[in-house]
Amino acid sequence: MDSPADFTEIRYERPSERVARIVLARADKRNAQDMKMLYQINAALDRATQDDEVRAIIIAADGPHFSSGHDLTDFGSKIGDHGAPVTGRGGFALPGPEGYFSREEEIYLGFCWRWRNLPKPTIVQVQGKAIAGGLMLVWPFDILIASEDAEFSDPVVAFGANGHEFFVHAWEVGHRKAKEMLFTGDSITAREGKELGMVNHVVPKDQLDSFTLAMAEKIALRPSIGLKFAKMSVNQSLDAQGMWTAIQSAFNLHHLAHAHNSVVHGQVVDPAGAAMVRSQAKVRRADPP
Ligand code: ZN
């Protein structure tokens, strides 16, 4: 994965001298994340991080929707098929909850925490829906620019678990809204996200690229050491509040839920969840504006 030409699920772009842009390029699958895409995003972020010319990194997505979450057809991929493991934990092929814990610790929690701690500013631009695992390509990054049609949701409680695997909901939207979004599965709109402090700016869809690039270029004029230390200082403020410990605690419960569902339902999630989410989405579409 040495050259941007090797990427098939994403594109690696240099829209200006000091800015790299990583674009999710599976619009036909609503940018659902399979393992190959996650390792390619990680490789692209490494490439941008190790390029001293790059001072700011944009994460964007093709198509009407940012990401519909995990690609649930991709359970056949094995860790190591698409890149070297990043967590160094091993045990990925072990049977039962031990192996499944290791797998999700690598491709979800491990990637998200790694990306959250990259030493360069990251800006994510979101249009359309970001659902469940889709939020795991949004929340690890530093600044969030949303188009007016953006919606953010985590309906995973319907599948018998606490939420998706990078559990920062309470930090992102506040503890009361976090409970509402989890308990109901309802979406948070771009404007609600801005009121809650999750979204930095809401812009018309046709200005999403230009607004985000202009901010990245402004950031990229600043010295890398100032940017790096500012980011570390904010992140460490959250760490001092116990963010990493809380994320790990929620991840442990997430895997207790997977183990429970495996015993009770014979699969890692409650199979009734998909129909419940689909029927509630239909009700919402029928709601008066
Ligand atoms: Zn999971």
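I188 in strand 8 is the bridge partner of F152. Strands and helices here are DSSP runs, numbered from the N terminus: E for strands, at least two residues; H or I for helices, at least four residues. The model is predicted, with local features needing pLDDT of at least 70, side-chain atom pairs counting only at pLDDT 80 or more, and totals for chains, interfaces and linings using all residues. Residues are numbered from 1 along each chain as its sequence is written, and side-chain values use heavy atoms, with hydrogens and water left out.

Strand 7 (residues 151–153) pairs with strand 8 in the antiparallel sense, over two bridges. To pair, two strands need at least two DSSP bridges between them. The sheet is open, has three strands in the order 5-7-8, and its pairing is mixed. Strand 5 (129–131) and strand 8 (188–189) are its edge strands, each pairing on one side only. In general, strands of a sheet pair through backbone hydrogen bonds, either parallel or antiparallel.

Strand 1 and strand 2 form a hairpin, with two residues between them. Their pairing is antiparallel and runs over five bridges. Strand 2 covers residues 19–24. Within it, V23 stands opposite R11.

E13 sits in strand 1 (residues 10–16). Its side chain makes a polar contact of 3.0 Å with that of R11. Such a contact is a pair of N or O atoms within 3.5 Å; within protein, one must be able to donate a hydrogen and the other to accept it, and residues adjacent in sequence count only if both atoms are side-chain atoms. Beyond its neighbours within four places in sequence, E13 is in contact (heavy atoms within 4.5 Å) with V19, A20, R21 and V23. E13 and I57 are 44 residues apart in sequence, and their C-alpha atoms are 9.9 Å apart.

## Zinc site

The protein donors of the zinc ion are E104 (OE), E104 (OE), E165 (OE), H254 (NE2) and H258 (NE2). They lie 2.1 to 2.5 Å from the ion. Donors are N, O and S atoms within 2.8 Å of the metal (3.2 Å for Na, K and Ca); water is not among the atoms, so sites may look incomplete.

The donor residues follow the spacing E-x60-E-x88-H-x3-H.

## Second largest pocket

The second largest pocket holds about 610 Å³ of space. On a 1 Å grid over the protein atoms alone, a pocket is an open set of points with protein on both sides within 12 Å along at least five of seven lines; a cavity is a set where a 1.4 Å probe fits but cannot get out; lining residues have an atom within 4 Å of a point. Points are joined across faces, edges and corners, and a volume is the space filled by probe spheres set on them.

Of the 24 lining residues, F141, D142, I143, V234 and N235 are the closest to the pocket's centre. Strand 6 (143–147), helix 3 (169–173) and helix 7 (224–240) each supply at least two lining residues. Helix 7 gives the most, with six. The lining has 17 nonpolar, three polar and four charged residues. Ala, Val, Leu, Ile, Met, Phe, Trp, Tyr, Cys and Pro count as nonpolar, Asp, Glu, Lys and Arg as charged, and the others, Gly among them, as polar.

## Cavity

The count is one cavity of 30 Å³ or more. The largest cavity holds about 30 Å³. Its lining includes Q33, L38, W115 and M136. Helix 2 (residues 96–116) gives the most to this lining, with five residues. By class, the lining has eight nonpolar residues, one polar and no charged.
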